[in-house]
Amino acid sequence: GGEEEEEGVGDFFGLPGSGAPVFVGVGGMQMLPRRVLSDCKARVRGGERVDYVAKRLGDEKLEIFGVAGNAAFHDTSEADASKVASGLLGAFDGVLLTDASSSFSGWHRASAGAGVPYAVAARVRKRVRVPLFSAMVAFDAPLRDAIPFAALTVKTKDSPLWFASRSQSKPGMPAAAAECWVLVSTPKWAVEEIGREPMQDAGGAFKPQTDDYLQSVPGPALLVAFTLAVAPYLEAAGVEMPTARYLQAQRWGSAMPAPARAAGRDEHGYSAATTTEVLGVRYESGMPPLLPLSEETPARTVSQVTRTRTCSSDTLVASQDNAERDFVALDARCIFYAGDFCSRRPPGFEAAALSGLEAAAHISRVLCQEHPAPGQNAATPESSRETD
């Protein structure tokens, strides 16, 4: 919306300008990983947060220490979270990290601490972060008859709002009496807001996001911006803006990585023009390109992952060289990192999923060499241990 556009403001993952098909998980994007976990019979332990990882004395097992319950959540006050001591959560053959904030040196609630070697954490820790605020709003009357689309990208200069979508337009979403919209801020506004209300206090301790703050600043700001964006359509239809009956905002301090080696950015996503540092953390305030730019940022696909037979079972093995990996591996310690913060692809769901696919192939191969199936010989340390 709006005729005055800010230089650098772009579509939201290609919407609406690319014209390419848009894929949405039926019942929400969270259903995709849920189905994968269900199919592979993985055991999911919710409500636990890892504090650090340590090698157990006497064998090669990695012990994970952390907390469970309310102390594990990001929005629990530091006063309450600090009352719960870390305990042993389990011992494992290997550890795969996926949360970008686990790479922090210690101040963040999600930090995995000194147990994560610098060789593993550095690549993720150095990656420039794109922060976002989002909000879910429910109106007491529908907008769908007055607004001729299910989603919109706002390009009005200085608007806090980047993208908005009507939740009920997505497949598999249940009907409801209220019409719900998801609002997403621009990175520029998010960086400015984090500068005003940092994620750390003066002493460097983590500051959880509180409802008092989220419901008084980011939430109302995004709602006002959405109201201004749709006002011309409502006026043309002779419809008044309905009342918001529910509003819940959220801060994504590390929503996604800044694209690497794109639009003048370096291998970490840093741009001298648009990267801002707040309390030692680098944030991207520009509107980064989120789709491959022809040959400038080619994306590998699942078709470039070949199927081979190892450990008496079919295992996916990535075909690219170590330097091109979209994950981080410290095989000597069986500690790995995956996700779009490790990937050289344009950030987003696809980058995270393909990074996980390649990491799984590598981990399977490493663990199979460490624990061969009956009738197979174990690989020597020299042949099985690589450090990336």
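Is Phe163 buried or exposed? With a relative accessibility of 9%, Phe163 counts as buried. The model described here is a predicted one. Phe163 belongs to the aromatic group, which is taken up now.

**Aromatic rings**

- The structure has eight aromatic pairs.
- One of them joins Phe12 and Trp162 in an edge-to-face arrangement. Their ring centres are 4.9 Å apart, and the planes stand at 80° to each other. That angle is over 60 degrees, so the pair counts as edge-to-face rather than stacked or tilted.
- Phe12 sits in the segment before α1 (31–39), while Trp162 sits in strand β7 (residues 161–166). The two are 150 residues apart in sequence, so their pair ties together separate parts of the chain.
- Phe12 also pairs with Phe163, and this pair is stacked. Here the centres lie 4.2 Å apart, with 5° between the planes. An angle under 30 degrees is what stacked requires, so 5° qualifies.
- This second pair links distant parts of the chain as well. Phe12 is in the segment before α1 and Phe163 is in strand β7, 151 residues away.
- Phe12, Phe13, Trp162 and Phe163 make up one aromatic cluster.
- How buried are the members? Phe12 has a relative accessible area of 14%, so it counts as buried. Trp162 is buried too, at 0%. Phe163 is buried at 9%. The cut-off for buried is under 20%.

- Asp11 is located in the segment before α1.
- Asp11 is partly exposed, because its relative accessibility of 21% is not under the 20% that buried requires.
- Which residues does Asp11 touch, leaving aside neighbours within four places in sequence? The contacts are Pro16, Gly17, Ser18, Thr153, Lys155 and Trp162. Trp162 is also a member of the aromatic cluster.
- With Lys155, the contact involves both side chains: they make a polar contact at 3.0 Å.
- Asp11 and Lys155 are 144 residues apart along the chain, yet their C-alpha atoms are separated by 8.6 Å.

**Cysteines**

- How many disulfides does the structure hold? The count is zero.
- Cys180 is buried, with a relative accessible area of 19%. The limit is under 20%, so 19% still falls on the buried side.
- Cys342 is buried as well, at 1%.

**The β1-β2-β3 sheet**

- Strands of a sheet pair through backbone hydrogen bonds, and the pairing can be parallel or antiparallel.
- Three strands form an open sheet here, in the order β1-β2-β3. Their pairing is antiparallel.
- The edge strands are β1 and β3 (87–92), and each of these pairs on one side only.
- From one strand to the next, the twist averages 30°.
- Strand β1 (residues 48–55) pairs with strand β2 (residues 62–68) over seven bridges, in the antiparallel sense.
- Val53 has Ile64, in β2, as its bridge partner.
- β1 and β2 form a hairpin, with six residues between them. In the turn, Gly58 has a positive phi of about 100°.

Methods: Residues are numbered from 1 along each chain as its sequence is written. This is a predicted model: local features need pLDDT of at least 70, side-chain atom pairs count only at pLDDT 80 or more; totals for chains, interfaces and linings use all residues. Side-chain values use heavy atoms; hydrogens and water are left out. Rings of Phe, Tyr and Trp (its six-membered ring) pair if their centres lie within 6.5 Å; planes under 30 degrees apart count as stacked, over 60 as edge-to-face and the rest as tilted. Helices (H or I, at least four residues) and strands (E, at least two) are DSSP runs, numbered from the N terminus. Buried means under 20% relative accessible area, exposed over 50%, partly exposed in between (1.4 Å probe, protein chains only). Contact means heavy atoms within 4.5 Å. A polar contact is a pair of N or O atoms within 3.5 Å; within protein, one must be able to donate a hydrogen and the other to accept it, and residues adjacent in sequence count only if both atoms are side-chain atoms. A disulfide is a pair of cysteine sulfur atoms within 2.5 Å. Two strands pair if DSSP finds at least two bridges between them. Axes are lines fitted to C-alpha atoms, for helices over the stretch in contact, and angles run from 0 to 180 degrees between N-to-C directions.
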